[in-house]
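Colleague: I'm new to this one. Could you pick one part, take a close look at it with me, and then show me how it sits among the rest?

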Amino acid sequence: MKHPDERRDEIVSAARVLFATHGVHATTFQQIADHVGCTRGLVYHYAGSMPTLVDMVLAACVADFAADLREWDRLRVRGDIDGAVRDYIALFRRHLPGRSADGDADALGDPASAEAAAEPASATGTARPTPLPVPRVDDAGLYVRYVDASVVALLEILETTTIPAYAERHRIEISHVRETFVVLLHGLIGLMRTQPEVSDDVLADLVRQTLRLAPNPPGAPAGTNHSKESDMFLFEPLTLVQIVMWFVVLGALIGLNELSRRGPWAGAAFFIALPIILTIFVWPTTAGADSSTGTWFHWVKVYSALAGCLGFMAIRYIPRLQRNKWALMFPAGILALNIAEAVIRDFQVGGMGADGVVDGVYMLSGPWNYMNGIAGLINLLAITGWMGIYISRDKTKDMIWPDMIWPWIIAYDLWNFAYVYNCVGDHAFYAGAALLISCTIPAFFIRKGAWLQHRAHTLALWMMFTMAVPAFTSTSDFSVDASGDPAALLTVSALALAANIALAVLQVTLLIKHRRNVLKHEIYDHSAAYRRVVAEIPGASAAQLEAGWRRRVLC
């Protein structure tokens, strides 16, 4: 004697075959009983009535549709968007109504294949058997019920599988995601039903256009796993708006830095009053846990940058601190702390095995993280000459660090860009390139010797802005995605490591050649760059001025 569940499944399967062959209204309980090989009373026992049996059949059809969608999501090759769309279209064709042979009723599937599908799967086969057909649609109400139930079931699966998986690797370019998918699913079903001859290529284009899907790389074989698709090496193809905004950001950072260093009141407004307002009223909302700037690292980074600005202001405007050698260790200490934070993050990302969205940004872990972490450690250890820091004797009272000249600055810039590119890649167009250049240009051309002050100011300004407006670098029209190309990640990290190894070799050579103690002496005081700083900016000690003229020019 068969188990009730098994007998019920047999009756539903038989009904599906007969509904697909004859239509719902032309099928009788006796035909179903004959197909199963049981009495009509047994069919009535399990089904109760024809409407109830129709409901059971429709539920089974929707369940098969949903099961195939789950299998599609499980088997699709990550990164092969074109292949996934093609398979998605094929899945729909298997499950949705097409015109029957006589043209006056709708049917899904071929009745002949339906008979074969009703047979048990081969003992050696591992794939799911071909789903049984849904009934021929004898009335519009039955069709609408099937379509509506299918859309609801499919959307629940897409919202918990495919859509989040896509969002981990690509930016979702559409608004109202759920509603867009409802329109798309209903539209595909209607188009396939009314125009069954429409090609898969047309349907795939409609899916792509509606969802604004990222393209596969030109010439890439199907199934190739690409973290992000891009026609450019470092970033996605740039628009004119993005290029213009890059220069706007660069100019704004340079301009605001110039304003913030004009006196204690300007500094207090930018780095005391403004952060207090943002901390109380803005950041708790904009930089929460679900934000790309809501991680522990961003909170630590903004406050450590602000601490640097306030510490530098104290040294600049409190005379007795300017004469305290321990106070002069603060700039080097806060700089080392900021570098160490980034080094830890690089190593952390390298060890997490990331290939998707982590803390709101896309990350791809790899050897480049460790390479750049080592470059950062070298850069940290290469900080020299803090004991030679002095305050300019003019209106701006800038904090001048003569020993921090171009070899260290360039090595730092390359390392820091690689860090941002590795760990916050989708912010690197602005936070990596524009931000670094915004402090390097003033250090070379506007106020030489004040690179660290420029860096602290521009970094604090940028961090405050991005924590208040995180969408600027993530979802706005100005945001620029990194390519996520492993070759690009490896290249920028290799350049950073090579530059910092070269810096280390240079500094060790100078220390040996000039018999310098890095904890007591400046090591670039023989260079032309050092000499220009101490000669042009008032406030240098007599020893610094004498050293600048006495030693031979290196560069």
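Modeller: One term first: a residue is buried under 20% relative accessible area, exposed over 50%, and partly exposed in between, using a 1.4 Å probe and protein chains only. By that rule G37 is exposed, because its relative accessible area is 61%. Bear in mind that this is a predicted model, where local features need pLDDT of at least 70, side-chain atom pairs count only at pLDDT 80 or more, and totals for chains, interfaces and linings use all residues. Numbering starts from 1 along each chain as its sequence is written, and side-chain values use heavy atoms, with hydrogens and water left out.

G37 and E10 are 27 residues apart along the chain, yet their C-alpha atoms are separated by 9.8 Å. An unreviewed UniProt entry lists residues 28-47 as "DNA-binding region", though such annotations may be inferred rather than shown by experiment. That stretch is 80% helix and 0% strand, with its end C-alpha atoms 12 Å apart.

Now for the rest. The protein has 22 helices and six strands, and 51% of its 555 residues are buried. Among contacts (heavy atoms within 4.5 Å) with a separation of 6 or more, 73% join residues 24 or more positions apart.

One of the buried residues is H454, at 0% relative accessibility. H454 belongs to helix 19 (residues 451-468). Setting aside neighbours within four places in sequence, H454 touches N257, R261, C439, P442, A443 and R447.

Helix 19 also packs against helix 13 (residues 296-317): their axes, lines fitted to C-alpha atoms over the stretch in contact with angles from 0 to 180 degrees between N-to-C directions, come within 9 Å and cross at roughly 140°. That makes the pair oblique, the label left over once under 35 degrees is roughly parallel, over 145 roughly antiparallel and 65 to 115 roughly perpendicular. The residues that meet include W299, V302 and F312 in helix 13 and L452, M463 and M467 in helix 19. By class, this contact has 13 nonpolar, three polar and two charged residues. In that scheme Ala, Val, Leu, Ile, Met, Phe, Trp, Tyr, Cys and Pro are nonpolar, Asp, Glu, Lys and Arg are charged, and the others, Gly among them, are polar.

Another pair is helix 16 (residues 367-381) with helix 20 (residues 486-514), whose axes come within 8 Å and cross at roughly 25°. Those two are therefore roughly parallel. Among the residues that meet are W368, M371 and I378 in helix 16 and L489, L497 and I501 in helix 20. The contact of helix 16 with helix 20 has 14 nonpolar, four polar and no charged residues.

R212 has a positive phi of about 50° although it isn't a glycine, and it lies between helix 10 (200-211) and helix 11 (240-260). R212 is partly exposed at 48%. K397 also has a positive phi, near 50°, without being a glycine; K397 is in the loop between strand 5 (390-391) and strand 6 (399-400), and counts as partly exposed at 36%.

How values were computed:
Helix = DSSP H or I, 4+ residues; strand = E, 2+ residues; numbered from the N terminus.
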